[in-house]
Every structure is written in structure tokens, then in C-alpha cells.
Amino acid sequence: MSERAIVCKDLTKRFGDFTAVNHISFDVDQGEIFGFLGANGAGKTTAMRMLCGLSYPTSGEASVAGYNVFKQQEDIKRNIGYMSQKFSLYESLTVKENIRFYGGVYGLSDKQLKEKGDELITKLGMEKEAKMMVGSLPLGWKQKLAFSVAIIHQPRIVFLDEPTGGVDPITRRQFWDLIYDAAGSGITVFVTTHYMDEAEYCNRISVMVDGRIDALDTPANLKQQFEAASMNEVFYALARTAKRSAD
Amino acid sequence: MKQFMVFVRKEFYHVFRDRRTLLILFGLPVMQILLFGYALTTEIKNAQIIVVDHAGDAASQQLTTMIAASKYFDISASDKSDEDIYKAFKKGKVKCAVVFPAGFGNDLLNGQVAHIQIIADASDPNTAKTLTNYLTAIMGEYQQQINPTANIPMRIEPVTRMLYNPELNGSMNFVPGVMALVLMIICTTLTSVSIVREKEMGTMEILLVSPFKPTYVVLAKAVPYLALSLIDLIIILLLAVVALDMPIRGSIVLLFLESTLFIICCLSLGLLISSVTRSQQTAMMVSMMGMMLPTILFTGFIFPLENMPLPLQFISNLLPSRWFYVIVKAVMLKGLGIGVIWKETLVLAGMTVLLLTISIKSFKTRLS
């Protein structure tokens, strides 16, 4: 069981009469790249916030990195990384300062910070930009940097909330190389996206419709199940059944 | 603790790299202190006055010289006809006129009642009253000079002593008020903007997902601004003492401690504003505009609180600056110690604890 990074059983979140997340159940293996798909308003973000320890579920059970989402939110936070669709580094800090800040917040020692920071900068080929304000970097670079910073403390799981929004296809491809690297080093990747080509890159994907998970399998199996040529068609077939309008 | 310092350092980077923040932090207090210190005063200096001398004797001329010598008046013209006086008043430049009737000196020396006519532009009643008071004072002084010994029997002569501020220097009253105002605006504005900025940028989410505790986020935001506000306090005090001739009669240490308490109180207010607003603009509007007017109205340094209707007096009690104003006046002007201002100090401390608790609470609840 320890190999399971995320275990979710009948996880539910209600806001008053509105059931944002409706009894979802799934497991994610350690080192897996898990795609979390769904139209806007389907409940992805709410589900993700519960798993990150940002909000309490109304009912159900879930454990992240082996910790209970009700009781051990602090332990969860120490063992996950997070990167959101909104660009999440400080624009008025340099690349190096951002790395040191986030590393510092996760409790890395000065020595670790130096090593990790240099390693990260070399890997991204940003030696020249290390002392530049992050605000002056192109978006694609920022996203790659943000991802690298999000896993600087070697978390067991990294949550990516539409990480490649607004980025060109080539940079997106490079971004996914970084994701594969991370997964290769044993980090579980939990990613939401609207790009169906990216969905194909995932080991397994789940599709949320109206707060439920209506489909969960490998991309190949899903395509077979829905007799579809691409993930796009699978997604349309599922999203069409939605009664909730997107917000 | 190390995490905390990492955070504080990041906040300092933000402040020093943001021109707008720097401007608010160091430009605003200097500008406001000087502006309010010099512009906001009830003293009237160099008022234009017309002297019409129908007597033309030694007494009238001596008095005229005394008026001219006082710093309150500038004689703009003499020997005008009555009609010219009214014309001058209508133009609005002349605030006051003095008319010596023929035989003024004789009447005075012969022990009769000597009349002088004072005409003032009472479209501004306060100015008119102040100017006539100045003139009466000058005449009284003259009377003393020419006739120091002969006391008219049963004459009552009030001897007024203006305590703490013998020259009735207007800025003495304003500077403590402006100090309260400036510190209040700066502390609330900067802190409120700083948390909202993280919300707008999306970095707040990252902080919340990190193991860094929300309470620490709030405190780590407050620490750098506390340090910077203390620098501001020093600048303000220096300006007050050097440029506006303010005395610091009481203990400087006490003044600093009380100011620190007030600053923390305002920082807490700023934190509260920032946890309930969503954009930097709103936060700035609320803390600058929303705080500026009540602070000016209800601190008591422009409009006396005692004259306000009870409901307004009650509102004024909710403002931290109102209490700080009393404290600063007591320490700076009267040289009093903590024994006299413990009540105000306690109120400020209570407000601080309350505001800080509410802001940390509301910050936390907004997360889930």
C-alpha cells in the first residue's frame, strides 16, 4: 500500500446545496503521471485543493503521500509540490532569489539550496539569466522555472494546475520532458490540463463531469472504450453529458 | 525561524524594488508633514491692513508703528477715504482696517475715552475675530507703555498664560495630529497592499500549499513594515523638531514605545483590510481614502472632538489615531509620563490585539 501516492475514496465536497465534488474514488501510484481532466466547473480545482490540504472534504476519505487529508494537512504540505495556471514565481525577484525563497520556505539548508539551485539553473540552461528579474523572462521559461522550483524539495507528489496554459507547442513539449524527468526520479505527477495532446502523455487519466469521475483508464483503453480516434473525441463524448454549465 | 527570515528577506526585496512602495514609504510622510505643518495653521501672519489716520498726532502714529511692527499685519495703505476702504474690502485683499478719529491723541491724554474704529472682513468670522484680537492686544500693550503706573481703579486685568505653547504656535497642535495621520495611512496602506498583491499574482496559493503556516505569513508580512515604519517615525520626528520647531519635552524612549504600539496597531488594521479585499486598487482605496477622511475628522487635531455630537464622539473613539494623538501631545508637548497616558496606551494595546486576532482569523477562514 505504501506505493500508492494518492488514495481517494468517496471524496465529497459540498458548498451549501451545491455538490462540487461528488463521491470520487481513485488511486494514483508512486511515480505515475496522472491526468486529471474535466471541463471548467466540473470540480477539478476543488478536488485538487482538498488533496493539497487547502480545504477539508465534506465526507469521504483520502490520503496523500500516506497522510490523512483530514488530520495531517501539515504533513501533506511538506511532501507535495504545487504549481498553478497562474504564474507563481515572484516577478520582482531574480531567478536565484526565487529559488532560494521557495527552497527556504520548504526548509532546505543553505548548502542544499546552493547545490540544488546551481543544478536547477544548469539543467534549464539559465546560467546567464540567474541574476535577472523573473518578470523579464519569456513565459515558457518562467513556467519551466516554476515547475523546477515546485519540485526543488523532492516532494513525493507534485500537483500541476493547468501548468502549460498560454504556452506554445514547442515549449509545452519541453515542459513535458521535465515532467517525464521528474516522474522518472520517482515523483508522482498529478496534472490538470485542457490540452488533449497532453492527456495522451499521461500514464492514466480521469475525466470529471459534474463533480463525478465518469472515466478513468489509460489513454489507449479510453479511446478503445469510447471507440474514439483521439482523446479529443473521448473528452467531447463525456463532456456532452454535463448538465452543469461552466463558470 | 529560518523559514521566517527567508520570508522577511523576500518582503524587503519587494519593498526596495517597488518604486510606488518606496514613494509611499518615504515621500508621503515628508510631503505630508511639511504640507500640514506649514499650511494647516490657524495663525494669521502678514494680514493686509489699512490704517486711516484722521488724528495725525503722536499717539496715533506710535500705534500705527506698533501695528506695522507686529508680524501679524502688513499695512497696505494709509489715509484712505471711507469709500476706498469698502472698495478695498470688496476686492478681498484687505482683511482689516483701523480708523483713528480726529483728536484721538487728545482724548487719550486728557483721560477721556479714546475711540478707535476697527473694521474687519467678517466673511471669514474666525479670521476677523483673530485679527481684532491681535489689534486689541496691541492697543492694550500701547496703553501699558504710555501709562504704566496709573491704574484705573477697579480695573480687572486678566493675565493669561498659554501653557505648553506660549506663542500659540499652530503647528504644535497639528504636528502630533499629522504624525498620527501619516503613520496611520502609511502603515495601513502598505501592509494592505502587500498581501493583496500576492493574491493577485497567484503567489499566495503557493505559500498556502507550502508548509509555511498562514499565521506566519501574516506576521512575516508585518515585520518588515514595522521596521520601515520605525524609520519613518524617525524621519517624521526629525522633521517635526528641525523644520517645525516642535519640542520633545517627555521621554523619547516612551514616545518611541508608544509609537511602535500605534504602528503595530495600524499594521494589524492593514492586514485586516488586505485579507478582506481582492485587488491592490481596492486595498489602496480602502486604506488611503477610507482611512484618511475619518482620521482627519475624528482624531481631534483639526476639529475639536468635544464639540461633536455624541454619536460622532463615539465613532472617534474607534479610531486608533485619536488615542495616539492624545499620547503624542502629552509626551511631546507636556512632557508627561506613562502615569498619565496609561489609559490611552491600554486602549491602543487592546485595539492591536483585537485587530491582529481578527485579521489572522479572517485570513485563515478565507483559505478554506
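**Conventions for the views.** A residue is called buried when its relative accessible area is under 20%, exposed when that area is over 50%, and partly exposed in between, as found with a 1.4 Å probe and the protein chains only. The structure is a predicted model, in which local features need pLDDT of at least 70 and side-chain atom pairs count only at pLDDT 80 or more, while totals for chains, interfaces and linings use all residues. Residues are numbered from 1 along each chain as its sequence is written, chains are lettered from A and ligands numbered from 1 in the order in which they are written, and side-chain values use heavy atoms, with hydrogens and water left out.

**View 1. Chain A as a whole has 9 helices and 10 strands.** Helices (H or I, at least four residues) and strands (E, at least two) are DSSP runs numbered from the N terminus. The radius of gyration of chain A, taken over C-alpha atoms, is 18 Å, close to the 18 Å that the globule rule (2.2 Å times the number of residues to the power 0.38) gives for 247 residues, so chain A is as compact as a globular protein of that length. Along the principal axes, the C-alpha atoms of chain A fill a box of roughly 50 × 40 × 35 Å, and 53% of the 247 residues count as buried. A contact means heavy atoms within 4.5 Å, and of the contacts in chain A with a separation of 6 or more, 68% are between residues 24 or more positions apart. Chain A exposes about 10700 Å², of which carbon and sulfur atoms supply 49%; such accessible areas come from the Shrake-Rupley method with a 1.4 Å probe, and for residues only the protein chains shown count as cover.

**View 2. Chain B as a whole has 14 helices and 4 strands.** With a radius of gyration of 28 Å, well over the 21 Å that the globule rule gives for 368 residues, chain B is more spread out than a compact globule. The C-alpha trace of chain B spans about 95 × 45 × 40 Å along its principal axes, and 48% of its 368 residues count as buried. Among contacts in chain B between residues at least 6 apart in sequence, 79% join residues at least 24 apart.

**View 3. The interface brings 33 residues of chain A into contact with 25 residues of chain B.** Chain A and chain B bury about 2500 Å² between them, 62% of it on carbon and sulfur atoms, where buried area is the accessible area (1.4 Å probe) that two parts lose on being put together, summed over both. Of the area that chain A buries against chain B, Tyr82(A), Tyr90(A) and Val105(A) supply 22%, more than any other three residues.

**View 4. Tyr106(A) sits in the loop between helix H3 (95-105) and helix H4 (110-124) of chain A.** Tyr106(A) is buried, at a relative accessible area of 16%. Leaving aside neighbours within four places in sequence, Tyr106(A) is in contact with Lys77(A), Ile80(A) and His153(A), and also with Val209(B), Ser210(B) and Pro211(B). Val158(A) is 52 residues from Tyr106(A) along the chain, and the C-alpha atoms of the two are separated by 14 Å.

**View 5. Ala65(A) and Gly66(A) belong to the loop between strand E4 (59-64) and strand E5 (67-68) of chain A.** Most residues other than glycine have a negative phi, whereas phi of Ala65(A) is positive, near 55°. Ala65(A) is buried, with a relative accessible area of 5%, while Gly66(A) is exposed, with a relative accessible area of 55%. Not counting residues up to four places away in sequence, Gly66(A) touches Ala5(A), Gln72(A) and Arg156(A); Gly66(A) and Val7(A), 59 residues apart in sequence, are 8.2 Å apart in space, C-alpha to C-alpha.

**View 6. Gln154(A) lies in the loop between helix H5 (139-150) and strand E7 (157-161) of chain A.** Gln154(A) has a positive phi, near 50°, in a residue other than glycine, and at 45% relative accessibility Gln154(A) counts as partly exposed.

**View 7. Asp121(B) is placed in the loop between strand E4 (117-120) and helix H6 (125-146) of chain B.** Asp121(B) counts as buried, at 18% relative accessibility. Not counting residues up to four places away in sequence, Asp121(B) touches Phe89(B), Val94(B), Lys95(B) and Ala128(B). The C-alpha atoms of Asp121(B) and Met285(B), which are 164 residues apart along the chain, are separated by 40 Å.
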